[in-house]
Amino acid sequence: MSFQDGQVGDGSILVLVEDVMVPISVVYNAISILKKEGVEKLDPMIVTQASTQSLTSVESASRDIVALICRSLEFPSDKMCGDISRVLKPGGTVLLSLSSQSVSKANSTHERKLLLAGFSDAQSSEAGHSIVITAKKPSWKVGSSFSIKKITKSLPKVQIDDDSDLIDEDSLLTEEDLKKPQLPNVGDCEVGKTKKACKNCSCGRAEAETKVQLGPTAEQLDNPQSACGSCGLGDAFRCGTCPYKGLPPFKLGEKVTLSASFLDADI
């Protein structure tokens, strides 16, 4: 038995067919994927050569199942997938039965169309020479709302026993903590108006009073000497505190002479 262009039946199941004619066995085989028993007793609405105009007369949220018999990648269109979502009840199922000729690319293409139309839980399986894709419409209606209950967490109750033993804070201090701190010993250094470091100063005052000599003295330039033996070799061999740092290499015992352009800028 087959159906030609038009609509047959009136039930909660809508079948959309791309071709002009379709055997009734193909329709029942597609529906049997969802309903295992009593398929022959069902009276689905079948629309051949289906298009977006075929769904204009179908009421919104009036169908439990919409099955599509496809043979090409263009069917159903993106707009038709949106119309199918409109006529399905919340939680309804859409089923796509794809012929073996379009199996290679149809699986991913049709799943993408269903996901973009708002369907979820898309699953594919093999049924004979066809691939069947099923998806669910969300169980909530467009524009529906619900209240969110705010969960208030109560603070834990702490019971204080007045009879419990309390620690005395003073008992935490030792005798050493209660002693008055002693001032540092400044030794024999004078602490009057004119402070002066003693001979054997150990408090650091002598180092603070020492004047820093910048550069070598005249005696060091006239008769340069080196305790380490590397001062005359140049800055690469001199230590950080060498008095000859910055001077050109020289020979020990000979006067250090500077060229006329020694102090000229490099640029």
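Strand E6 (residues 63-70), helix H2 (residues 78-87) and strand E7 form a right-handed β-α-β unit. The model is predicted. Strand E7 (residues 88-98) has eight of its eleven residues buried, so the rest of the structure largely encloses it.

**Strand pairing around E7**
- E6 and E7 run parallel and are joined by seven bridges.
- Within this pairing, Leu68 has Leu96 of E7 as its bridge partner.
- E7 also pairs with strand E9 (residues 130-136), in the antiparallel sense and over six bridges.
- In that pairing, Leu95 stands opposite Thr134 of E9.
- In a regular strand, side chains alternate between the two faces of the sheet.

**Ser62**
- Ser62 lies in the loop between strand E5 (45-47) and E6.
- Its relative accessible area is 18%; the cut-off for buried is under 20%, so Ser62 counts as buried.
- Leaving aside residues up to four places away in sequence, Ser62 touches Val87 and Lys89.

**Largest pocket**
- The largest pocket holds about 160 Å³ of space.
- Its lining consists of Val26, Asn29, Ala30, Ser32, Ile33, Ser97, Ala127, Ser130 and Val132.
- Helix H1 (24-31) and E9 each supply at least two of the lining residues.
- H1 gives the largest share of the lining, with three residues.
- By type, the lining of the largest pocket has five nonpolar residues, four polar and no charged.

Technical notes: Residues numbered from 1 in each chain as written. Predicted model: local features only at pLDDT ≥ 70, side-chain atom pairs only at ≥ 80, totals over all residues. Heavy atoms only, no water. Buried < 20%, exposed > 50% of the residue type's maximum accessible area, 1.4 Å probe, protein only. Helix = DSSP H or I, 4+ residues; strand = E, 2+ residues; numbered from the N terminus. Pairing = 2+ DSSP bridges. Right-handed = clockwise from strand over helix to strand, strands pointing away. Contact = heavy atoms within 4.5 Å. 1 Å grid on protein atoms, 1.4 Å probe; cavity = no way out; pocket = protein on both sides within 12 Å on 5 of 7 lines; lining within 4 Å. Points joined across faces, edges and corners; volume = space filled by probe spheres on them. Nonpolar A, V, L, I, M, F, W, Y, C, P; charged D, E, K, R; others polar.
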